[in-house]
Amino acid sequence: MFRILLSTLFSLLLTCTATFASKPIAYDGDDGYRLWLTYEPVTNAAIKAEYLKYASFIASTEKGEITGSALQELQKGLKQLVGKVVPAVTTAGSRTGGIVFSLKPAAGDSPAQEGYQIQLASGNIVISAQSERGILYGTFALLRHFQMQQSVKNLNIASVPKIRYRMLNHWDNTDGTIERGYAGGSLWKWYELPERVDPRYEDYARANASLGINGTVLNNVNASARFMSQEYIGKVAAIANVLRKYGIKTYLSVYFAAPKTLGGLTTSDPLDPKVRAWWADKVAEIYKTIPDFGGFLVKANSEGEPGPQDYGRTHADGANMLAAAFKPYDGIVIWRAFVYKADPNADRFKAAYEEFVPLDGQFDPKVIVQVKNGPIDFQPREPFSPLFGNTPKTPLGMEFQITQEYLGFATHAVYEAPLFKECLDADTWVNGQGSTVAKVIDGSLHNYERTLMAGVANTGSGRNWTGHPLAQANWYAFGRLAWDHQLSSEQIASEWTQLTLTRQAKSREHIVKMMLRSREIYVDYNTPLGLSRPWMGVHFAPEPWQSRGARPDWTATYYHRADSAGLGFDRTASGSNALAQYRPQVQAQWNDPDKTPLPYLLWFHHVSWNKKLSSGRTLWDELCQRLYAGADSVSWMQQQWDMAKNDLDPRVYADVAGRLKVQRREAIWWRDAWLLYLQTFSRQPVPKGLTPPERTLEDVKKSVSIYLMR
C-alpha cells in the first residue's frame, strides 16, 4: 500500500512540475521569453506624441479569426509601447486619429495576397491588404516600426513576400526529444494533447507571424507512422487550431512505409492501387479534422529511411502518389533532395544532382523538391548546391538549418544571416549572369508557381526558446529573409538587436559588429579554407581523425583527405569531377587552385602543404594562422559584448558572457585538434609568432572520447 501511495504522489509531483514548467511565468526584466516582441515603452517623447495621435481607436469591419489576432496584438502592443488602452470599433466613419484595417479580398492564392501597405490617409494610419494574413503581417510591421521609434510623419510602407511557402521544419520526436535540438525538449506535449493545449503554442505562433512565417512542419523528417493514426491526427489538430489564428498552416513529415506499418498492407509500393487508395483515404481523414492542412514533408530513401526506390520506383513516382491524394485539397507535397547512396567510390557532393536532375519535368505540379543550401550537409561554409537552377520544370525549395548542428550547438554565438545570404546571392549562371539562387527559389527565373523556403527550427522548451540568447537572431533572420531575401545581414542584425536587446546606439553597434563577424570567426577555428566535417559521433566534439563508420561518407577522413602530400577533396576533372555539375562560369571560379577563393579552396582541391597561396603563405602556415586567429577572435567577441553591458538586461548579459567563455575554451579545443592531427601529415612546426598547443594530440583525443561515451 505504501509503495502504491508513494508511486501516486510521485506521479502527481511530476504532473504538477510539468504543468508548471510549461506555463509562461512572469519575470521582472527580460529573460528572453518575449523574443523580439518586447514592446518596451517608447522613450522618445516626440515620437511617443506622434504615436498617441493615432491611438484613439482601431477600426476593423472584418470579424475573421486572423484579423482578430491582429487586433489583439495591436492593442497589446500599443498598451505597452505608449501606455494606452485603445478601443476597437467596427468602422472609423468620419473619425480621425486611429488605426484602420482595410481589407479588400482578391481571388486566387499568391504571395501578393499576403502583402500589405501602411500609410497615412484621412487622418488615420491605414493598414491595407488583400487577405487577413496581409492585415496581420502589416500589423506586426507597424508594431516593429513603433518599437524602433521611427517617425510616422511620412509613413508609407509597402511589402509583398517573395516566397509563397515560408516555413519552419521541426525535427521533434514523439518522445519529446528533438534531433539536433539544443534548447531543451520539444514544444509539443504529445502526451497532454489534445485535451491540454500549452499556452506557449500561441506565443510561438505570434513570433512566427511577426516574421511572416506561414507554415510549420511539426515533426521530424525521420518520421514515425504514429502521426498518421487517428489519435495523433486529433493531437495535431489541437495545435493547428492555435496556429491557424496566426495565419500558419500545419504540415506533417510522413513515414513512407506507413501503409505497411500502420495500415497493415503487404507493400508500400507507390504504384500499387491499394497503397494509393490508403494514402488518399488518409489525406481525406486529415482534412476532415484539419480543413486547412498544409501538406506532407517527405524524407525517403535517405540514411536508411524507406522510400519508392525500395520497390524499383523513382522519387517522382513516390511524390506523385502523395500529390494525387492531395488533388481535392489545397495541400502540397515537399520532397527532400537530401538523398545519397552508400558508395565508397562516389562523391556525396554529386548525389542530389544525380538523383533529381534526370527527373526534371516528371513531378506533379503539387510537388516541391526541397534542397539543402549546400551539396553536403549544413556545413559552416559550403558552395551552393549545384541542383539549384538545373530543374527548370520542377520547383526547388530552399532548406536552411537554423539550429546549430555544425555551428557549435547552443554554446557558440554564430549569426547565420551571412551564411543564408552567401547562398541566396550566389550566381548559378543557368540563364546567364545574375541567375542567383534567390531567383531560382523565388520562382522568377523559371516561373515556378509554388515557391518555398524552409528552416530547420532551433526552438525548444527552454524559457528563452533557443538556448543561446543570440540564437534567437537566427530564427528572426530566417523569417525576414524568407519574406524578403534582398534584406542585408547588417540590417537584420541591427533590427533584431534594437527590438530584442537595447535601443542604445553605441551598444547596438558593438553587438551588431560582433554578430556580423561571428560566422567567419567560427569558420576560422572550425573549418578554415573549405574544410568540411559531417562525421558521425555527437557533432559537437572535434574528431578529424575519425576514420571508421557505418559507411565511408560518415567519417571525417572521407572529407578532408589529409595525407603526407597535402589536404582537401579534389573535385576537379582529375578527381570526382563534381565541378562539372556547375555552369562553366561557376567552374571557372573554382577550377584552378591558384584562382579559387581561399574560403572554398579545400572544397575543390587537394593542395600541397607547401603550396604558396594568394595570401603569400603556404597552405600549412595559412591554415595555422586562421585556426589561431579564429580562436583568438572569440576574445574580441567577449570584449564587444562587455562594452554593451550597461545597456543590457543583467541576466541576458550574464547568460551570453558565460557562453562566450565556453566558446573561447572550445574554440581553442577545435584549434588544437585540427592543428595537432594535421601536423602528423604536414610534419611542420607551428609558424613563428604562434604559441604551440600546451597539450598533445593524445590529450585532445582523450578529451573528445568523453563526449562519445554512453
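I take helices (H or I, at least four residues) and strands (E, at least two) as DSSP runs, numbered from the N terminus. With that naming, I found Trp-465 in the loop between β14 (452–456) and α13 (472–483).

Ground rules first. I am looking at a predicted model, where local features need pLDDT of at least 70, side-chain atom pairs count only at pLDDT 80 or more, and totals for chains, interfaces and linings use all residues. Residues are numbered from 1 along each chain as its sequence is written, and side-chain values use heavy atoms, with hydrogens and water left out.

Trp-465 is not a glycine, yet I read a positive phi of about 80° for it. Is Trp-465 buried or exposed? I noted a relative accessible area of 1%, so Trp-465 is buried (buried means under 20% relative accessible area, exposed over 50%, partly exposed in between, with a 1.4 Å probe and protein chains only).

Next I checked Arg-561, in the loop between α16 (557–560) and β15 (566–567). Its phi is positive too, near 55°. Arg-561 has a relative accessible area of 32%, so I logged it as partly exposed.

Where is the cis peptide bond? I found it from Leu-193 to Pro-194, with omega near 0°. Pro-194 sits in the loop between β7 (165–169) and α5.

Eleven of the twelve residues of α5 are buried, among them Arg-200, Asp-203 and Arg-206. Just after α5, I saw Gly-212 with a positive phi of about 85°.

I ran the length check on α4 (residues 132–147) as well: its 16 residues should span 22 Å at 1.5 Å a residue, and its end C-alpha atoms are 23 Å apart, which agrees. Since 15 of the 16 residues of α4 are buried, I wrote it down as largely enclosed by the rest of the structure. Gln-149 follows α4 and has a positive phi, near 55°.

**Phe-296**

I then picked Phe-296 in strand β10 (residues 295–298). Its relative accessible area is 0%, so it is buried. What does Phe-296 touch? Leaving out residues up to four places away in sequence, I listed Met-228, Leu-252, Val-254, Trp-279, Val-283, Ile-286, Leu-322, Phe-326, Ile-332, Val-333 and Ile-334 (contact means heavy atoms within 4.5 Å). Gly-307 is eleven residues along the chain from Phe-296, and I read 14 Å between their C-alpha atoms.

**The α14 and α15 pair**

Last, I looked at how α14 (residues 489–500) packs on α15 (residues 505–526): the angle is about 135° and the axes are 9 Å apart. Axes here are lines fitted to C-alpha atoms, for helices over the stretch in contact, and angles run from 0 to 180 degrees between N-to-C directions. The contact includes Ala-493 and Trp-496 of α14, and Ile-511 and Met-515 of α15.

Key
The expected span of a helix is 1.5 Å times one less than its number of residues.
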